[in-house]
Amino acid sequence: APTVAQPATEPGSPRTVPLTPMRRIIAERMSASKYSAPHYYVTVEVDMKGAKAFRARNKAFKASFNDLVLFATAKVLREFPSVNARWLGDAIEEGGDVNLGVAVALPTGLIVPVIRQAHLLSLEGVCAASKALAEKAQTGKLLPDDYQGNTFTVSNLGAYGVDHFTAI
């Protein structure tokens with residue numbers, strides 16, 4: 001059962017919201033990531049008219065804008081492996097495979113399931129993998145292997161009208 005925040009005892013006073021086990025793990029991992037992985041933020045405005053036209057023409061399968069971003073990200077990371085990298089303390093390890101984390105918001109917290117070897121998938125394959133992982137996340141059926149080992153994460157709040165944000 002979801003943990004419910006307790007009302008503040010007095011107006012304006014702080015309240016304590018107990019963590020569910022899932023939110024505790026998410027908070028711990030996000031904090032560890034923020035301090036153990038190099039972070040840099042790049043913002044690029046993209047004209048999606050071509051993507052919109054592609055989606056209208058494509059009748060074979062349904063591709064969301066997020067699917068198109070995931071597909072493009074996987075291909076670009078393969079081309080620029082120094083971006084698909086992690087800090088080892090005394091060296092940088094450039095990712096061989098692109099294991100693409102996809103941020104999924106749930107009522108109980110944020111989770112990042114992983115599309116394994118995303119660079120090898122067709123657009124249709126990325127769409128299918130993304131949809132399957134989102135459904136598993138929303139139904140609470142993700143296994144630990146489904147959300148571990150990503151080499152790069154995509155967070156997309158465009159569907160909520162957000163133009164820019166900084167994620168951890």
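Predicted model: local features only at pLDDT ≥ 70, side-chain atom pairs only at ≥ 80, totals over all residues.
Good morning, colleagues. I shall begin with helix H3, which comprises the 15 residues 65-79. Which residues of H3 are buried? They are Asn-66, Asp-67, Leu-68, Leu-70, Thr-73, Ala-74 and Leu-77. As to their surroundings, these buried residues pack against two helices, H2 (49-57) and H4 (123-138). They also pack against strands E3 (100-102), E6 (114-115) and E7 (152-154).

I turn now to the salt bridges, of which the count comes to 3.

Let me take the pair formed by Arg-86 and Glu-93, in which the closest N and O atoms are 2.7 Å apart. Arg-86 has a relative accessibility of 48% and therefore counts as partly exposed. Glu-93, at 35%, is likewise placed in the partly exposed class.

Next, Asp-145 forms a salt bridge with Arg-116, with 3.5 Å between the closest N and O atoms. This pair links distant parts of the chain: Asp-145 belongs to the loop between H4 and E7, Arg-116 to the loop between E6 and H4, and 29 residues separate them. How accessible are the two partners, Asp-145 and Arg-116? Asp-145 is exposed, with a relative accessible area of 55%, whereas Arg-116 is partly exposed at 31%.

There remains the bridge between the side chains of Asp-146 and Lys-136, which meet at 2.7 Å, N to O. Asp-146 lies in the loop between H4 and E7 and Lys-136 in helix H4, so this bridge ties together parts that are 10 residues apart in sequence. Is Asp-146 buried or exposed? Its relative accessible area is 14%, and because buried means under 20%, Asp-146 is classed as buried. Lys-136, by contrast, is partly exposed, with a relative accessible area of 28%.

Leu-157, Tyr-160, Val-162 and Phe-165 make a nonpolar patch of about 360 Å². Where in the chain is Tyr-160 located? Tyr-160 is found in the segment after E7. Its relative accessibility is 65%, and since exposed means over 50%, Tyr-160 counts as exposed.

To close, I return to strand E7. Buried residues of H3 pack against this strand, while Tyr-160, one of the residues of the nonpolar patch, is placed in the segment after E7. Thank you for your attention.

Notes:
Residues numbered from 1 in each chain as written. Heavy atoms only, no water. Helix = DSSP H or I, 4+ residues; strand = E, 2+ residues; numbered from the N terminus. Expected span 1.5 Å × (residues − 1). Buried < 20%, exposed > 50% of the residue type's maximum accessible area, 1.4 Å probe, protein only. Contact = heavy atoms within 4.5 Å. Patch = residues over 30% accessible without salt bridge, like charges linked within 9 Å, V, L, I, M, F, W, Y side chains within 5 Å. Areas by Shrake-Rupley, 256 points an atom, 1.4 Å probe, with all protein chains shown as cover. Salt bridge = Lys/Arg side-chain N within 4 Å of Asp/Glu carboxyl O.
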